[in-house]
Amino acid sequence: MARQFGVIAVGGTAAITGIVANSVEFSDSIEKATARNEQGKVTDTKAYSKGVSISVRGKLDTPRASLSVSAGQTIVIAGGTYMIDSVTVSETNTEFADVSLTASKNDDSTLEAYS
Amino acid sequence: MTFTPEHLLFLANSPEFEKVVASDPVLDEIEASRIDYALERLLLFEAVRGTLVICGDVPVRPITPFIWSFLWTLKSPFVNIDENTEFTALDCAIFVFLLTHAPEELDYATIEKESLAYADTVHLLERVEDFGKELAAMVNTAFAPLDLLPKTNRTKEPPVYDADWMLSVCSVAGQEANFSALRVATELPLSAVFGYCVIRARKSKPDCVYTKHMPDWCSRNYVERLNQLKAEFIENHFRETE
């Protein structure tokens with residue numbers, strides 16, 4: 001996927017940083033309920049919730065000393081807003097950190113950053 | 001220009017700005033410049049050739065884990081190079097001697113004398129500075145594959161390259177390359193050994209970023225260019241909407 005620009009809300013809405021993503025991967029999944037007849041066979045299936053997960057790798061555009069990206073913050077990228085589930089790598093001895101994170105969103109839920 | 005949170009959110013939600021960032025040739029160029037092709041060639045040659053040539057006419061073997069650990073025991077300045085490190089003729093002579101002689105030919109008691117005698121045969125004493133530079137470059141090349149690993153805060157403790165270290169890296173590289181640890185220690189270039197260690201790390205922790213990281217100067221140029229694009233886009237947008 002082409003380079004993309006996004007933003008991460010760092011520490012609630014107190015600070016914000018840009019991220020240039022070199023890779024954004026999407027995956028979606030549903031949660032479903034089923035109904036069965038008296039023989040135990042599934043007769044009806046209904047999807048009641050849909051979630052989208054993204055996996056992002058990129059470079060932050062703010063020097064590392066001023067921020068700390070972590071799970072529970074939100075990221076706006078590729079036309080959507082997601083809750084960051086995990087930040088797997090943060091390179092701490094370079095001026096502009098490279099990060100790899102996963103984030104997700106279920107349905108049209110309102111996302112509130114961890115505080 | 002200072003970017004407000006509103007500016008940044010506007011940019012992140014703008015499909016037009018997404019296109020600008022995705023297709024900017026300057027960002028492409030900066031991304032491409034992080035790869036040092038000359039260094040890559042050296043790594044390739046180290047991996048497949050048994051012999052390198054330094055200072056124009058002196059054939060040497062690549063640094064092996066054994067040579068590196070042995071240098072460490074000799075407290076060679078090549079093991080901890082910084083911008084102020086200076087190399088004496090003896091430092092260079094010992095390093096070259098290790099790179100040109102098999103482990104079974106080495107004797108700690110006589111290594112200084114034998115190294116200086118060998119140095120004379122390759123005219124090292126007349127060009128110590130050149131040897132120092134080329135040997136230091138060999139060290140940099142050997143450690144280059146480790147740049148693929150995610151970076152962390154470095155400790156100020158000097159690294160220890162003892163037998164335990166040597167056996168550890170040789171064991172990992174040997175398993176990955178299907179070589180005996182002994183062969184890895186004495187035959188495999190250190191750059192290749194570190195390459196195999198990176199392969200192992202990728203396998204054991206695949207969610208980390210194992211990539212050629214931008215040097216700091218490159219990152220600065222990258223972010224400066226991005227900020228320039230952001231500022232231009234915001235200015236143009238708000239001029240149009242006024």
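Author: What follows takes the terms one by one.
This is a predicted model, in which local features need pLDDT of at least 70, side-chain atom pairs count only at pLDDT 80 or more, and totals for chains, interfaces and linings use all residues. Residues are numbered from 1 along each chain as its sequence is written, while chains are lettered from A and ligands numbered from 1 in the order in which they are written.

Reader: How do you know what confidence the predictor has in chain B and in the complex?
Author: pLDDT is the predictor's confidence in each residue, from 0 to 100. Chain B averages 88, and 94% of its residues score at least 70. The complex gets an ipTM of 0.80 and a pTM of 0.68. Where pLDDT is low, the predicted coordinates should not be read in detail.

Reader: What makes up chain A, helices or strands?
Author: Chain A has 0 helices and 6 strands. Its order from the N terminus is β-β-β-β-β-β. Helices (H or I, at least four residues) and strands (E, at least two) are DSSP runs, numbered from the N terminus.

Reader: Why is Asn106(A) called partly exposed?
Author: A residue is buried if 20 or more other C-beta atoms lie within 10 Å of its own, exposed if 12 or fewer, and partly exposed in between; C-beta atoms are placed from the backbone. Asn106(A) has 15 within 10 Å, so the label is partly exposed. In chain A, 34% of the 115 residues count as buried.

Reader: Where is Asn106(A), and which residues does Asn106(A) touch?
Author: Asn106(A) is in strand β6 (residues 98-106) of chain A. Leaving out residues up to four places away in sequence, Asn106(A) touches Ser49(A) and Gly51(A). Contact requires C-beta atoms, placed from the backbone, within 7 Å. Tyr82(A) is 24 residues from Asn106(A) in sequence, and their C-alpha atoms are 8.8 Å apart. Across chain A, 51% of contacts between residues at least 6 apart in sequence join residues at least 24 apart.

Reader: What makes the phi of Ala78(A) worth a remark?
Author: Most residues other than glycine have a negative phi. Ala78(A) is not a glycine, yet has a positive phi of about 50°. Ala78(A) sits in the loop between β4 (74-77) and β5 (80-90) of chain A. Its 19 C-beta neighbours inside 10 Å make Ala78(A) partly exposed.

Reader: What is the phi of Cys55(B), and where does Cys55(B) lie?
Author: Cys55(B) has a positive phi of about 50° although it is not a glycine. Cys55(B) lies in the loop between β1 (52-54) and β2 (58-60) of chain B. With 17 other C-beta atoms within 10 Å, Cys55(B) is partly exposed.

Reader: Why are α5(B) and α9(B) called roughly antiparallel?
Author: Angles under 35 degrees count as roughly parallel, over 145 as roughly antiparallel, 65 to 115 as roughly perpendicular and the rest as oblique. The axes of α5 (residues 65-73) and α9 (residues 163-177) of chain B come within 10 Å and cross at roughly 165°. Therefore α5(B) and α9(B) are roughly antiparallel.

Reader: Which residues of α5(B) and α9(B) make the contact?
Author: From α5(B) come Pro65(B), Phe66(B) and Ser69(B); from α9(B), Ala163(B), Trp165(B), Met166(B), Val169(B) and Cys170(B).

Reader: How do you know that Gln175(B) is partly exposed?
Author: Gln175(B), in helix α9 of chain B, has 13 other C-beta atoms within 10 Å, so Gln175(B) is partly exposed.

Methods:
Contact = placed C-beta atoms within 7 Å. Axes fitted to C-alpha atoms, helices over the stretch in contact; angles between N-to-C directions.
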